[in-house]
Amino acid sequence: MKTFFDLVQQVQKPGLCHRCGGCVTFCTAINFGALGQDEDGKPVFADMEKCIECGICYMICPEIDELDKEAAELVKWELPMGRMLETTVVRCADPLVRARATDGGAVTALLLHLFDTGRIDGAIVTRQTGLFVREPWLATTRREIAEAAGFFFDSSHGMSMYSEKYSTFAPSVQALGPLARRKSGKGRIAFVGTPCQIKTIRKMETLHIVPTDAIRYVFGLFCSGNFSFGAKERERLEKLGKFEWSWVRKINVKDHLMIHLDNGDIRAIPLEELDFMKRFACRFCDDYSAEYADVSFGGIGAEEGWTTVVSRSPLGRACLAHARDEGAIEVYASQDNPKFASEATQIIVEHSQKKRQKAADFRKTLEKTPPVSIKS
Ligand SMILES: Cc1cc2nc3c(=O)[nH]c(=O)nc-3n(C[C@H](O)[C@H](O)[C@H](O)COP(=O)(O)OP(=O)(O)OC[C@H]3O[C@@H](n4cnc5c(N)ncnc54)[C@H](O)[C@@H]3O)c2cc1C
Ligand code: SF4
Ligand code: SF4
Ligand code: SF4
């Protein structure tokens, strides 16, 4: 049976670990202290003697292909980029949510709708804990779900810690930990995460690992990569985009890094210019549009202030239809541009193919070079 020892050799040493946190959160011997995390959030053996060699951590790692077939069957994955039942462009009907949201606030609108109609008791989202820091958390009230919208920089509460390292990634799988250990009574939840996190969740589902029984909806965010910026990178970004961080209201990733400033200006920096702050492991990732989710969300293909939404499972499609019928979301006025949804689909296909090709090319270089770095 392969164990965490093999994850270190096969995933961490070549620099392929995304820090999704799946292995450490769902380690069977976590309560006995087998695994822990170092100061950078990298999973490590805390006490190898406590490992019972069950192999769970190895099987659910998104970088290991052991359960790929089962996970693909579970979601009825198909070429070229997963199952796609419908593509729409929508936004939240509530302007207050939209004002805070990353794009059109569609994720938050659907979460609030599910909560209001009693379908979920909470949602795993992220919240701002510092000026450049977001952390995963289980939101269990309407207000908490609404406040989690966006990639917002609220500097109004004295949060001005410019020395902190900011990352667009939040290890949301780890927020399932208390549920797994049944420390939270919240029975039915929705999970929001990046494609790599969604894949971990689906792999856990194939093994019926607790608390996947509690996850009723899986919402995926399109993802071209995770960017982290410490002081040096922030300085370089300021020069590239000709702005100062103190002017920043929110940031977003689309086909460019979009820096929204307080005065309403948007600085768009091409993603190709941001390799200096892209996480190494993301170069090898081939899922752009969260192909294993019930519903996937992104900004590309939609006008500013709207979200492109792909329904992938009947459950996801029903959720979207219900939210639309109840007035929780507005659908883009197709009479203005009837081809908008099909054009959005085409744009997603192009971005997905590009990411898949780049990942395959990077993998080839990895095969040629011996693993040198365990830093990601
Ligand atoms: C790392 C990253 C890369 C992305 N790359 C792209 C891209 O290349 N192209 C593209 O079109 N879209 C990308 N997106 C998705 C896009 O930024 C929006 O999240 C998406 O369009 C939904 O917008 P919304 O207004 O409907 O969501 P909102 O209503 O604003 O809700 C967003 C939800 O996501 C949660 N969230 C925020 N950050 C994270 C995070 N890091 N991890 C997990 N959950 C989080 C929030 O708490 C909130 O619940 C990316 C998102 C992330 C987190
Ligand atoms: S106990 Fe199981 S899940 Fe935990 S480290 Fe060992 S093999 Fe991995
Ligand atoms: S990718 Fe996730 S599951 Fe795999 S080693 Fe890294 S943190 Fe663990
Ligand atoms: S590119 Fe996005 S989905 Fe892929 S590993 Fe990086 S953060 Fe995860």
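Select ligand 1 and G150: an oxygen atom of the ligand is 2.8 Å from a polar backbone atom of G150, a polar contact in the sense of a pair of N or O atoms within 3.5 Å. Within protein, that term also requires one atom able to donate a hydrogen and the other able to accept it, and residues adjacent in sequence count only if both atoms are side-chain atoms. This is a predicted model, in which local features need pLDDT of at least 70 and side-chain atom pairs pLDDT 80 or more, while totals for chains, interfaces and linings use all residues. Residues are numbered from 1 along each chain as its sequence is written, chains are lettered from A and ligands numbered from 1 in the order in which they are written, and side-chain values use heavy atoms, without hydrogens and water.

At I300, a polar backbone atom is 2.9 Å from an oxygen atom of ligand 1. Taken alone, ligand 1 exposes 900 Å², and the protein buries 99% of that (Shrake-Rupley method, 1.4 Å probe).

Now show the whole shell around ligand 1. It holds 34 residues, the closest being D103, G105, T108, T168 and S224; a residue belongs if one of its heavy atoms lies within 4 Å. The shell divides into 17 nonpolar, 14 polar and 3 charged residues, with Gly counted as polar and Cys, Pro and Tyr among the nonpolar. Colour helix 6 (106-116), which gives the most to this shell, with 3 residues. Strand 4 (122-130), strand 10 (248-253) and strand 13 (295-298) each supply at least two. Helices (H or I, at least four residues) and strands (E, at least two) are DSSP runs, numbered from the N terminus.

Move to ligand 4. Its surroundings include H18, F169, R279 and K355, along with C196, C223, C282 and C285. This shell has 6 nonpolar, 3 polar and 2 charged residues.

Finish with the backbone. In the loop between helix 4 (68-74) and strand 3 (86-92), find P80; the peptide bond from L79 to P80 is cis, with omega near 0 degrees. The loop between helix 9 (195-206) and strand 8 (215-221) holds P211, joined to V210 by a cis peptide bond with omega about 10 degrees.

In that loop between helix 9 and strand 8, select H208, a non-glycine with a positive phi of about 55 degrees. Is H208 buried or exposed? H208 is exposed, at 67% relative accessible area (exposed is over 50%, buried under 20%, partly exposed in between; 1.4 Å probe, protein chains only). A290 also has a positive phi of about 55 degrees without being a glycine, but A290 is buried at 0%.
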